[in-house]
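Open the model in your viewer and keep the selection tool at hand. We will go from stop to stop.

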Amino acid sequence: MAWSLLHAAWMHFFLAALNAHDWTMRHVTTFTTEIFSLLNSLIYFHKAVQELQRAQDDLSLAAFLYAVIGAIGTTLVAIFLSTAERWRPPLFHRYVRIGLAEYAAAISIIIFIGMPHVGELATLERSTLHVSTSFRPSDPEREVFFVRFWQLPVGWVFAALVPGFIITVLFFFDHEVSSIICTGDRYGTKKPGGFAWDIVLLGITTGLCGVLGIPPANGLLPQAPLHSESLMHTEKEEILISVDGEDKVEFRDVRRVYEQRWSAFLHAGAILVFVSPPFQRVLGLTPTSVLAGLFMFMGEQSLSVNPLLYRFSYLLTPSADLPALPEDVKGYRGIHMYTIVQIVVTVVIFIVTLTKAAPAFPVLIIILVPIRLLLMNRLWSRETLRFVDAWACRKGTPEDDKDLLAGGAVNEKDSPNTTMPSMALQTTDGQA
């Protein structure tokens, strides 16, 4: 495993040096990112069910029933607190509501960690997280933290290139799509993303995991919709409008992510603190049912901002109550079929993740990109695709680009000096 992760590390560095984001993700549309987001939600929900299944095997009936209550309670309290800024009538001071909304998950987890120690609940057995209480490798057969990877025969070193490549594809696409989802238009981000630097950092952590002999960890929490949603706030935006030939300035309220570095830094610092033996004891007080509740909350937060969910609700809405469509979109049939295809594809990929072929699921996600660009325009009208889909990393849709290219080809016949406008992405901050 060590050499697989070391190979994955230098492959990450190679992708960052080539600025792979610009010539790979620029072809991805929201068709793929919505499927990937829904898949993440399903995986979170499935992980929650798995945790409760383990609790059922290890605990008595009464303790298991409380574990179910604790998991559901953790989820519901977190969801309730996350809406604090929208409470009507508003309770508490505005800054208190902001704090409740931003730390909803943490508050809920603390509540349900402490609850089993109150009253008669303290007599129930409970399943908690397994942690290490000493500063030594968790594997009793290991005496040092570092793996002696240099002792592996040369043949196996080269054989490790294959799993290293698979890990690289998984991590690169997983990180890129997650970052795209969490910096979408609805979050109103202004600062460009440092995708190349992110991949460099991911390569470093992957290599360190290989040297330490632990499973690779792709920490996506700073790029999760849960994190972006917690940073949403309302601010005044100045706009210039023209009234009767005169320019006037107006202010309007807009929802936007508060862009800063502190939350990600503190998140990473908290992880570093809690891997130390004294704080691992505190972490060991966490019931696995609370972990299941956190998984459900994260799945719900990811699902709640997925446009696919709203289009799915249209499938259940009577035709007379559906919102009006643009004139060039001929009915909801194409939109419904588009949504159904997304859901079916997501379920198929999710089933694959439950089999031995699970490591290859990123390949299925990648295949969706050429399918969308080359096949789906033959099955759906251009107007429907323009309405439901768009480029994930840039303005416009694939259909707009085709119209632009067609218009450019016509103009070139009339004017040899006409040049096509650049469709390349702007180089993002910190990219190679």
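**Stop one: a hairpin**

Select T234 and look across to β2, where R255 stands opposite. Now show both strands: β1 covers residues 232-243 and β2 covers residues 246-257. They run antiparallel and are joined by twelve bridges. Two strands count as paired if DSSP finds at least two bridges between them. Strands (E, at least two residues) and helices (H or I, at least four) are DSSP runs, numbered from the N terminus. Two residues sit between β1 and β2, which form a hairpin. Click D244 in the turn: its phi is positive, about 55°.

**Before moving on**

This is a predicted model, in which local features need pLDDT of at least 70, side-chain atom pairs count only at pLDDT 80 or more, and totals for chains, interfaces and linings use all residues. Residues are numbered from 1 along each chain as its sequence is written, and side-chain values use heavy atoms, leaving out hydrogens and water.

Colour by pLDDT, the predictor's confidence in each residue, from 0 to 100. The chain's mean is 80, and 90% of its residues reach 70 or more. Then select residues 409-432, where pLDDT is below 50. Where pLDDT is low, predicted coordinates should not be read in detail.

**Stop two: α3 and α16**

Select residues 30-58 (α3) and residues 361-379 (α16). Their axes (lines fitted to C-alpha atoms, for helices over the stretch in contact) are 9 Å apart, at an angle of about 150°. Angles run from 0 to 180 degrees between N-to-C directions. Which residues of α3 make the contact (heavy atoms within 4.5 Å)? They are F31, T32, I35, F36 and L39. From α16, the residues include F361, I365 and R372.

**Stop three: α8 and α9**

Next, select residues 161-181 (α8) and residues 195-212 (α9). They pack at about 140°, with axes 11 Å apart. That makes α8 oblique to α9. Show F171, F172, H175, E176 and S179 in α8. They meet F195, D198, I199, L202 and T206 in α9.

**Last stop: two loops**

Most residues other than glycine have a negative phi, and most peptide bonds are trans. Select N19, in the loop between α1 and α2. N19 is not a glycine, yet its phi is positive, about 55°. Finish at P89, in the loop between α4 and α5. The peptide bond from R88 to P89 is cis, with omega near 0°.

Terms used. Contact means heavy atoms within 4.5 Å. Angles under 35 degrees count as roughly parallel, over 145 as roughly antiparallel, 65 to 115 as roughly perpendicular and the rest as oblique.
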